[in-house]
Amino acid sequence: MSDSAERPMEAEPLKGDQADGVCKDHGAGCGKLGMNKLTGWRTAAFLLSLFLCLTVVFAFSFILPCPLRPQYLRTWNRTLPNAATYDFLAMGDANEDKVQDVFFIYKSSEGSMNHTCSGEGLPSPCLFLLAVDGTDGETLWERPLAAELSWVECGFGGIKGKTCLVVHTDSFTALDMHTGVVVWQRRHSPVINGNLPVIIMPDLDKDGINDIAVLSYNHPPLPHTPIPTEMVIFSGKSGDMIGSKVDVYSGETRAHLQFTTAGGAQYILLHTDTGLYAVGLWRLAKMAGAGLESYLKKEKSWEEKAAETGLIPLHESVSLLKVLLVKGSGEPSPSLLLLTPATVTLFNTHTRSISWTANTSTLLSTPSFGHYNEDDVPDVVLEEDQGNTTKRVLILDGKTGRELWKASLLFWSESPRPASVLTLNSYSVFMLWGERLTHSNETSSAVEERSSYLLHPRHPQVLLERRNPTQHIRSFKAVLLERGRHACYLVLSGADGAQMQGAGLAGAGPVVLQKRKIKDDVEESSVLGVGKAEGEPVPRDEEELVKEAFHRLRFSDEIK
């Protein structure tokens, strides 16, 4: 007999009367009952899981609030009657809604929030630093300050966030950018002729807040009476002076910049009457107080070139007019753009050598930067004076200095310099300003009409022109109000407060801050051919193609 016959029930324990367990007498009925119980438990588990999933979906869809996107006004204006303003526009998120807000300063007898100079115990007219919401232009806060204004800078570190430093009369006043509250104020400052930019220092006094330094020198230099260049360090938390005043340079200083090498060492670049020099911030901190230099790094390759005075020669030239930082150039450290009356030169700070030089004529404005091609290196935008109120706008390749694009436009003395906004395609949209002469049918005389222009690098043969009636432009910016979103431009216009120091506001007129979305200008613009004869039309299909290209643009954050 086979082995399977001896153990008939071992392989199938649920069959027959000899299976272990209960239900001997019920046979197959017992198995059916067990299966029914198992099916019931499965159904209950499925329904419970479905209920939990629906509950979660319901909670996230209706109970938990979704983040609200900011609601923008596509265009807004802020008008302040009988006031004067300055060449200053700053951006920052004052109300922490992830949208950039706008800061500017004006002079008036009365503010926008029912503040008056006399009510604040200040001589009239006085200064008002104003923060307005980037979405709709409404006032966020306003701070009255005593006139006159020397300079203002916003955006460096503070106790609870970013800070604005206003230098006015004989006072330094630090304001919280989020609230407008005075963080600290120092009267009778030891800095006599303070100059921008503010130098950002590490936390030297160990109070948890980064400190600042200000350089003092005559700007512009007075003939035959240059004063020594000095530096004073202030506590970022209290405004107290840290250490002693430092003598930086005994000769004539025309401008300065803060510079960080690839290794993280910080230097001050001094544009002097004999060229461009660097001095280590660690050296100046050591001169201010023993031990303060321990918070700062040195760059060995730079220090090897230092003279006994601590100055490191970078580019010696008596004809040097201006020095600009070029960030995002693909090098380990930022490059420098050096301007003389006849040339523009790119200086590689990593190798301390000249990358390229281009010949130019008289420049009308400070060069700006943007990406005309897609090599990720900022290109240089110049405005050259051609005489007869005509300028030539040039875009030079940031890598080689060769000419990429040019056009001639009429200009007026207060026309803003070019600006750009980066797109996701790795090139920028450029915004230019100029004038056109139009002839009226009623008179034979030519009429000057001011215009703004948009340039798309993939359509270099045309410009979009929008007639812009704005007068007395003091400041202009093209910016993104959110990360990668809402490209717009800001125009601040009004009487020049710098020309009205010590005087009243008679005949000053209104100050106007206008915000417009860049894409909204497209439909209001006409399409002009670059290099074509005046009045020569652009084909209709080409107009539509160019405008559609602008509408398809998506924007990206500029490299800071």
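Which residue forms a salt bridge with Asp 557? The partner is Arg 483, with the closest N and O atoms 3.8 Å apart. The model is predicted: local features need pLDDT of at least 70, side-chain atom pairs count only at pLDDT 80 or more, and totals for chains, interfaces and linings use all residues. Residues are numbered from 1 along each chain as its sequence is written, and side-chain values use heavy atoms, with hydrogens and water left out.

**Figure 1. The largest nonpolar core, with 39 residues.** A nonpolar core is a set of buried Ala, Val, Leu, Ile, Met, Phe, Trp, Tyr and Cys residues joined through side-chain atoms within 4.5 Å. Buried means under 20% relative accessible area, exposed over 50%, and partly exposed in between (1.4 Å probe, protein chains only). Met 231, Ile 268 and Leu 269 have the most contacts inside this core. Helix H3 (residues 281-288) gives the largest share, five residues. Helices (H or I, at least four residues) and strands (E, at least two) are DSSP runs, numbered from the N terminus. Apart from this core lies another, of 25 residues, including Met 431, Leu 464, Ile 473 and Leu 553. Contact means heavy atoms within 4.5 Å. Beyond its neighbours within four places in sequence, Met 231 is in contact with residues including Val 214, Val 246, Ile 268, Leu 281 and Leu 284. In soluble globular proteins, nonpolar side chains tend to be buried together.

**Figure 2. An open sheet of four strands, in the order E11-E12-E13-E14.** The pairing is antiparallel. Two strands pair if DSSP finds at least two bridges between them. Strand E11 (194-200) and E14 stand at the edges with a single partner strand each, so one side of each is left without a neighbour in the sheet. The twist averages 25° from one strand to the next. H3 packs on this sheet and touches E11, E13 and E14; its direction makes about 125° with that of E14. Axes are lines fitted to C-alpha atoms, for helices over the stretch in contact, and angles run from 0 to 180 degrees between N-to-C directions. Five bridges join strand E13 (residues 229-234) to strand E14 (residues 241-249). Glu 230 has Asp 247 as its bridge partner in E14, and Phe 234 has Met 241. Six residues lie between the strands of this hairpin, where Gly 239 takes a positive phi near 80°.

Figure 3. Eight bridges join E31 to strand E32 (residues 485-493). Ala 478 stands opposite Tyr 489 in E32.

**Figure 4. The surroundings of Leu 339 and Ser 317.** Leu 339 sits in strand E20 (residues 335-339). Leu 339 is buried, at 6% relative accessible area. Leaving aside neighbours within four places in sequence, Leu 339 is in contact with Ser 319, Leu 320, Leu 321, Lys 322, Val 344, Leu 363 and Pro 367. Ser 317 is in the loop between strand E18 (312-316) and strand E19 (322-326). Ser 317 counts as buried at 15% relative accessibility. Not counting residues up to four places away in sequence, Ser 317 touches Asp 273, Thr 274 and Gly 275.

**Figure 5. Salt bridges, including the pair of Asp 557 and Arg 483.** A salt bridge is a side-chain nitrogen of Lys or Arg within 4 Å of a carboxyl oxygen of Asp or Glu. By this rule the count comes to 22. Asp 557 lies in the segment after helix H6 (540-551) and Arg 483 in the loop between E31 and E32, so the pair ties together parts 74 residues apart in sequence. Asp 557 is partly exposed at 29% relative accessible area, whereas Arg 483 is exposed at 71%. Arg 450 bridges to Glu 435, with the closest N and O atoms 3.2 Å apart. Arg 450 is buried at 19%, and Glu 435 is buried at 5%.
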